[in-house]
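Please read them alongside the sequence and coordinates.

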Amino acid sequence: MARQRQTGATGPSVEVDGGPEGRPRRIGSKPAAGLYLVATPIGNIRDITLRALDVLAEADMVACEDSRVTGKLLMLLGLKRPLLPYHEHNAEKAGRELMAHLKQGAVVALVSDAGTPLVSDPGWALVRACIEEGVPVTAVPGPSAALAALQLSGLPADRFLFAGFLPGKGAARRAVLKELESTPASLVFYEAPHRLPETLADMAAVLGDRGAAVARELTKMHEEVVRGRLFELSQHFAEAGPPRGEVVVVVAPPGAATPVTPDDLDRRLAAAVAGGASIKDAAALIAAETGHQRREVYARALKLFRSNNE
Ligand code: SAM
């Protein structure tokens, strides 16, 4: 077992009014040496945290995926720091260079293009190396598309599994979905918009007709959350075509009560009865489909068909 004493980012700070837009500015001490994992906005620049500003302002260097993206962010924040590219194609070499600076006592901030570093983004190998070398690592938490999508999905958020990106090829994607099929938790996936229709179709085929949500362009001007069941979402995006912008898909746990409205329940009951099912069978079927209590759905069905027949 290894225990590392945490430095905390900066300790207590004095804040004064000032800076662009009257933002409270921290004055005083430089952060202790080490690696800082700094989350940055996923669309809305005002989601930058005060602590992220403190660390970015004082870092000896900022390791980033794309220096154009991070250069623009720092410019908008009114900061200028030396940038060092660190991405999946140069992680080994750049990692060694960063480690040399860290061992000499540098303050290094690691950011990704957007959101929380390491979450489907580079950084894990560098964190491992720091832990092995005894270099302090500090998280400066903030925005992440996965958590924002989970919050807005309307699906259970007490237990979830972040599954990152699924494989791009159908057979491999379905194999991963099969592995996740009985996970008793909401599932959170990142996905490229052009793959969304086929991914939703595979999810419906492998996971069944569960509740789900597609969260698009979170925190941006065109933010949108489309909630429904996997079959209808898959049909919707097959017809509408791939959406514009960035998306996260959240899928309900197996057997979870899904966010069907009372009207939706009635429509489903009516369709089942119109298809020849008895009221009792229709209630059992819809209860199984939605995860709602059988008793509750039966009571609703009785009320619905009684009032329809009166
Ligand atoms: N580390 C980042 C985070 O914490 O959110 C995620 C980086 S991952 C390479 C990029 C993926 O995150 C996108 O393909 C998309 O699935 C999701 N994403 C990022 N920003 C988003 C946004 N504003 N709205 C919806 N999804 C977003």
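How far is a nitrogen atom of the ligand from a polar backbone atom of Val119?

1. The distance is 2.8 Å between the ligand nitrogen and the polar backbone atom of Val119, and a polar contact is taken here as a pair of N or O atoms within 3.5 Å. A ligand nitrogen also lies 3.0 Å from a backbone N or O atom of Ile42, while a ligand nitrogen is 2.7 Å from an N or O atom in the side chain of Asp121. The protein covers 90% of the 570 Å² of accessible area that the ligand has on its own (Shrake-Rupley method, 1.4 Å probe).

2. This is a predicted model, in which local features need pLDDT of at least 70 and side-chain atom pairs count only at pLDDT 80 or more, whereas totals for chains, interfaces and linings use all residues. Residues are numbered from 1 along each chain as its sequence is written, and side-chain values use heavy atoms, with hydrogens and water left out.

3. The largest nonpolar core has 20 residues, and Phe189, Leu200, Met203, Val214, Leu230, Val249 and Val251 have the most contacts inside it; such a core is a set of buried Ala, Val, Leu, Ile, Met, Phe, Trp, Tyr and Cys residues joined through side-chain atoms within 4.5 Å, where buried means under 20% relative accessible area with a 1.4 Å probe, protein chains only. Its largest share, six residues, comes from α7, a helix being a DSSP run (H or I) of at least four residues.

4. Val251 touches, among others, Leu155, Phe189, Met203 and Leu230, leaving aside residues up to four places away in sequence, with contact meaning heavy atoms within 4.5 Å.

5. Of the 310 residues of the protein chain, 43% count as buried.

Methods
Buried < 20%, exposed > 50% of the residue type's maximum accessible area, 1.4 Å probe, protein only. Helix = DSSP H or I, 4+ residues; strand = E, 2+ residues; numbered from the N terminus. Polar contact = N/O pair within 3.5 Å; in protein donor to acceptor, adjacent residues only side chain to side chain.
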